[in-house]
Amino acid sequence: MQIGHLQKDFLLSVEGLTVSFDGFKAVNNLSFYVDEDEIRVIIGPNGAGKTTVLDLICGKTKASSGSIQFRGKELTKLKENQIVQAGIGRKFQTPSIYDDLTVFENLEISYPRGRSVFGALTFNRDKAVRERVEEVAEMVFLADRLAMTADLLSHGQKQWLEIGMLLIQDPDLLMLDEPVAGMSVSERVKTAELLNRIIKGRSVLVIEHDMKFVEDIAHKVTVLHQGQVLAEGSMNAVKTNPKVIEVYLGH
Ligand code: ADP
Ligand code: MG
């Protein structure tokens, strides 16, 4: 079994992962491996099982069989909140931000609790939180929007805010499901820039259809088809692969 992979420590190892919904295998004996500091993009036709893979990794859906190892921890045995604790942040297709709170408050409530480094010194904690909120707001292009309520943000800014709400928790693996859907061209370019900037010390797993965007960010691309890996490799290798053109890119 996977002897070739034993020499290396991957951040995330998915092996033989399967989930059946009433006998239909949405993910079927899937294996793939994500490196530290890697941006991996999963592409593939609608219904290929892409979102389900993220659901399985974050514990929203339970696997029928197979394994998901993250820093040596078996995730298939953990609950969703334990998987967040283990260092995985996941963004869904629709942003889950609080519309009536300001950008600052949205980021503030996402700041991880229970980090006791500041002890009972509320003042120090408040200062640390504020600095971190400002730092993250800067990263997600919202430094000048901190006092604005989230409902007044553009669609793209809402997506960035949600990425910020995950970043403030400093996850080792950030998972994003179609982050640039509905964004303008300039917002897509900025999002690519954002992802390329934030991967120091973490990995990102992204599902996307926008090939220009994929090209801008992917270190490696995994093409999913019928719950299985159809092809995997550099964007260039994948884009010229006849099987990939036939089932996905040709459409
Ligand atoms: P993708 O994100 O690649 O478009 P999905 O992972 O959303 O695909 O879905 C893969 C397949 O699994 C689809 O046929 C979908 O209808 C099915 N599916 C996904 N989630 C469930 C579920 N909770 N129950 C039943 N079928 C599901
Ligand atoms: Mg999907």
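Student: Which residues of H2 are buried?

Tutor: This is a predicted model. In it, the buried residues of H2 are Lys50, Thr52, Val53, Leu54, Asp55, Leu56 and Ile57.

Student: And how many is that out of the helix?

Tutor: Seven of the eight residues in H2 are buried, so the helix is mostly covered, with buried meaning under 20% relative accessible area.

Student: What comes just after H2?

Tutor: Glycine 59 does, and its phi is positive, about 85°.

Student: New topic. Which residues are around ligand 1?

Tutor: Phe21, Phe24 and Ala26 are there, along with Pro45, Asn46, Gly47, Ala48, Gly49, Lys50, Thr51 and Thr52.

Student: What classes do they fall into?

Tutor: Five are nonpolar, five are polar and one is charged.

Student: Which element gives the most to that shell?

Tutor: H2 does, with three residues. Strand S2 (24-34) and helix H2 (50-57) each supply at least two.

Student: OK, polar atoms now. What lies 2.8 Å from an oxygen atom of ligand 1?

Tutor: A polar side-chain atom of lysine 50. Lysine 50 is also among the buried residues of H2.

Student: And threonine 52, how far is its side chain from the ligand?

Tutor: An N or O atom of that side chain is 2.5 Å from an oxygen atom of ligand 1.

Student: What about glycine 49, backbone or side chain?

Tutor: Backbone. An N or O atom there lies 3.0 Å from a ligand 1 oxygen.

Student: How much of ligand 1 does the protein cover?

Tutor: On its own, ligand 1 has 570 Å² of accessible area, and the protein covers 58% of that.

Key:
Residues numbered from 1 in each chain as written. Chains lettered and ligands numbered in written order. Predicted model: local features only at pLDDT ≥ 70, side-chain atom pairs only at ≥ 80, totals over all residues. Heavy atoms only, no water. Near = heavy atom within 4 Å. Polar contact = N/O pair within 3.5 Å; in protein donor to acceptor, adjacent residues only side chain to side chain. Areas by Shrake-Rupley, 256 points an atom, 1.4 Å probe, with all protein chains shown as cover. Helix = DSSP H or I, 4+ residues; strand = E, 2+ residues; numbered from the N terminus. Nonpolar A, V, L, I, M, F, W, Y, C, P; charged D, E, K, R; others polar. Buried < 20%, exposed > 50% of the residue type's maximum accessible area, 1.4 Å probe, protein only.
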